[in-house]
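Hi there,

Here is the structure I promised to pass on.

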Amino acid sequence: MTNPLYPAFFRLDRLQLLVVGAGEVGEEKLSFILKSSPNARVVIVAPWMGEELKALLDKYNDAARTQVQSELDEAGFGGATLEAARFEAEPAAGEWRTVAGGTVIWYAREFRSADVTIADLVVAATNFKDINLAVHAAAKAARRLTNIADTPSLCDFYLGSIVTRGPLKIAISTNGQSPTFAKRFRQFLEAELPALETTNLLDDLKIFRDRLTGDFKAKVRQLNAVTSSLLSSTAGEAAGCRCPEGECLVEAAANTAPAAAAPAEPAEVPETPDSNENKA
């Protein structure tokens with residue numbers, strides 16, 4: 001069966017995310033979300049929070065104590081605008097930040113149907129079917145996109161396997177057919193795409209693109225020429241640049257750009273199972 005899903009990458013710094021539930025399922029969902037999008041704006045509604053999730057959020061918050069807020073971008077996002085939404089006249093039970101500017105706010109109470117109005121995306125992350133169904137009904141009535149734990153048929157979007165290498169992000173889905181294959185394929189890609197080398201390559205390609213001159217077609221030809229060698233190993237050819245001798249701007253950029261420092265290691269977070277795709 002062909003996978004009919006359409007992949008899209010959400011900017012969770014510009015969207016509000018509501019997560020209902022803060023136990024084992026909530027911890028699994030949030031660890032996955034924050035690992036991939038540490039700048040997310042999240043509101044949690046749950047009468048209690050598991051120790052594992054609290055420890056995870058405390059770890060992010062401890063690393064963010066020296067955080068410097070970003071400047072506003074052209075769309076007006078940045079700095080304090082990245083804070084998660086709040087329920088008016090209602091005290092929060094906990095607040096956490098991440099180094100990337102993300103915020104998590106927890107309200108210690110039961111879910112109310114009106115809660116979905118503050119969110120763009122809604123995740124039901126409990127082990128209780130009646131609560132998850134109530135979240136789904138409220139979210140659909142308010143035309144919010146939903147992800148319902150362990151109920152793929154009610155999900156508007158899934159949380160699949162993700163590979164991140166600097167600016168490169170690859171999402172993997174088998175449409176629930178085999179989360180195990182998705183996990184193994186993620187591991188394969190992580191082994192084949194070393195973090196530092198992949199990041200440096202993309203940085204050099206960005207410099208190359210910025211230095212291109214000529215019309216659109218000429219730029220496309222040069223970009224195709226310099227990136228064609230990336231596929232040479234699959235064609236059984238020796239790897240190498242196909243640009244004319246002395247005209248490769250990627251080589252020039254790599255030779256003139258300052259040496260790239262190894263990217264800082266992110267705060268350690270627990271390994272997240274890839275079963276999110278099927279559990280969703």
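Below is what I found, going from the whole chain to single residues.

First, the ground rules. This is a predicted model, in which local features need pLDDT of at least 70 and side-chain atom pairs count only at pLDDT 80 or more, while totals for chains, interfaces and linings use all residues. Residues are numbered from 1 along each chain as its sequence is written, and side-chain values use heavy atoms, with hydrogens and water left out.

**Overall**

The protein has 8 helices and 8 strands; these are DSSP runs numbered from the N terminus, helices being H or I with at least four residues and strands E with at least two. Of its 280 residues, 38% are buried (under 20% relative accessible area; exposed is over 50%, partly exposed in between, with a 1.4 Å probe and protein chains only). Among contacts (heavy atoms within 4.5 Å) between residues at least 6 apart in sequence, 66% join residues at least 24 apart.

**Cores**

A nonpolar core here is a set of buried Ala, Val, Leu, Ile, Met, Phe, Trp, Tyr and Cys residues joined through side-chain atoms within 4.5 Å. In the largest one, of 27 residues, Val42, Ile44, Met49, Leu53 and Leu57 touch the most other members. At least two residues each come from strand S1 (16–20), helix H1 (24–36), strand S2 (41–45), helix H2 (51–63), strand S4 (103–107) and strand S5 (121–124), and H1 gives the most, with 5 residues. Another core of 18 residues lies apart from it, with Val116, Val122, Val135 and Ala139 among them.

Leaving aside neighbours within four places in sequence, the contacts of Ile44 include Val19, Leu30, Met49, Leu53, Leu57 and Trp106.

**Surface**

Phe181, Phe185 and Phe188 make a nonpolar surface patch of about 310 Å². Phe181 sits in helix H4 (residues 179–192) and is exposed, at 52% relative accessible area.

**Two backbone angles to look at**

Which residues other than glycine have a positive phi near 60°? Arg143 is one, and Asp150 is another. Arg143 is in the loop between helix H3 (129–141) and strand S6 (145–148) and is exposed, at 77%. Asp150 lies in the loop between S6 and strand S7 (161–165) and is partly exposed, at 47%.

Best wishes

Terms used
Patches are made of residues with over 30% relative accessible area and no salt bridge: like charges are joined within 9 Å, nonpolar side chains (Val, Leu, Ile, Met, Phe, Trp, Tyr) within 5 Å. Accessible areas come from the Shrake-Rupley method with a 1.4 Å probe; for residues, only the protein chains shown count as cover. A salt bridge is a side-chain nitrogen of Lys or Arg within 4 Å of a carboxyl oxygen of Asp or Glu.
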